[in-house]
Amino acid sequence: MSKLQNKVAVITGGGSGIGRAISLLFAAEGATVHILDLNIEGGQSVVSEIANQGGQGFVHACNVSLQEEVLSIVNTIGKIDILVNNAGIAHVGNLENCKTEDFERVFNVNVKGAYNALYAVVPKMKENGGGAILNLASIAAWVGITDRFAYSMSKGAIFAMSLSVARDYMADGIRCNSISPARVHTPFVDGFIAKNYPGQEAEVFEKLSKSQPIGRMAQPEEIAKLALFLCSDDAGFITGNDYPIDGGFIKLNN
Ligand SMILES: NC(=O)c1ccc[n+]([C@@H]2O[C@H](COP(=O)([O-])OP(=O)(O)OC[C@H]3O[C@@H](n4cnc5c(N)ncnc54)[C@H](O)[C@@H]3O)[C@@H](O)[C@H]2O)c1
C-alpha cells in the first residue's frame, strides 16, 4: 500500500536536487505535493515528472525568506499533513570571510525561510489534528567543517528549531525531526564547487567524495527514502530527533 495516500505535502526548494527527489518519491507514494520554490522552471519540470508518473503536484513561485509570500501561498492550500523545509543555500568561508551580507543571505533563506514555513504551516496542522515536519539540517551542524561558518550556523539553528517545535506541538499530534546529510550529489554541490574552486572541479569533487568514509557522495534518492520514512505513519514514535545520513562522516572519519 502507498505510504502517503491522501496526504498533502509542502516541500520547499522542491525544484532541484534533494527536494526534487523527495517530491517525486512522496508523489509516487500517493501524496499531493506542493512545491514552493524560487526556481519556477525547476518546480514546473518536477511537477511534469510527477504527472508523468501518474501523481499530483503543484508548483508555487515563492521566496521562502518573505513571510507574506509564504503565508499567502500556504493559505491557498487546504489541509497540510507534511512539511519538508528543504530550500537552502551555501556559503564557503570562515568567520573573517563572512561579510554581513553573506551572513544575512544564508540566514534569510536557511533559517528565516524554515521559520516562515513553520509559522505558516503549524497552525494548519494543529487545526487538522497533526502532521509531520522534516527539516534539512546537515553534518555541518554536528562537526566543525573548514570554511562553513555561515552555513554551519544556519544548520545548527535548524536542529534547535526542530527541537522547539517538536516539544511545543507534541500534544497537537505534530512530529518534527531533522536529517543531516553529508555531501549529496546535487546542483547545490556542483554549483559551489564551480563557484569556489574554478579550474579544480574534478579534483575537488573527488576530494569531497572521499571525505565520506564510504567513498562517495549520496544520491538525492537515498535522502528521499529517509525523508519518506520520517514523514510517514511508520515513524509515528519518532519526534525531536536528528538523523545523520552521512556515509560514516560523523562517526567513522578516523
Ligand atoms: N547537497 C548536499 O550535499 C547537502 C548536504 C547537506 C544538507 N543539504 C541541504 O539540503 C537542502 C537541499 O539541498 P540541494 O543540494 O538539493 O540544493 P539545490 O541547490 O539543488 O536545491 C535547492 C532548491 O532550493 C531553492 N531555493 C533556494 N533559495 C530559495 C528561496 N529563497 N526560496 C525558495 N526556494 C529557494 C532553489 O531554487 C533550489 O530549487 C539544503 O537545505 C541544503 O543545505 C544539502
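Helices (H or I, at least four residues) and strands (E, at least two) are DSSP runs, numbered from the N terminus. The model shown in these views is predicted, and local features need pLDDT of at least 70, side-chain atom pairs count only at pLDDT 80 or more, while totals for chains, interfaces and linings use all residues. Residues are numbered from 1 along each chain as its sequence is written.

**View 1. The chain and its annotated span.** The chain has eight helices and seven strands, and its C-alpha trace spans about 50 × 35 × 35 Å along the principal axes. UniProt, in an unreviewed entry, lists residues 7-173 as "domain: Ketoreductase"; such annotations may be inferred rather than shown by experiment, and their positions are given in the numbering used here, with feature names shortened.

**View 2. The open sheet.** Seven strands, paired in parallel, form an open sheet in the order E3-E2-E1-E4-E5-E6-E7, where two strands pair if DSSP finds at least two bridges between them. Strand E3 (56-61) and strand E7 (242-245) are the edge strands, each pairing on one side only. From one strand to the next, the twist averages 20°, with axes being lines fitted to C-alpha atoms, for helices over the stretch in contact, and angles running from 0 to 180 degrees between N-to-C directions.

**View 3. Strands E1 and E2.** Strand E1 (residues 8-12) and strand E2 (residues 32-37) run parallel and are joined by five bridges. Val33 in E2 is the bridge partner of Ala9.

**View 4. The shell around the ligand.** The ligand is surrounded by 30 residues, of which the closest are Gly13, Gly17, Gly88, Thr186 and Phe188; a residue is near a molecule if its C-beta atom, placed from the backbone, lies within 6 Å of it. H1, helix H4 (100-128) and helix H6 (187-196) each supply at least two residues of this shell.
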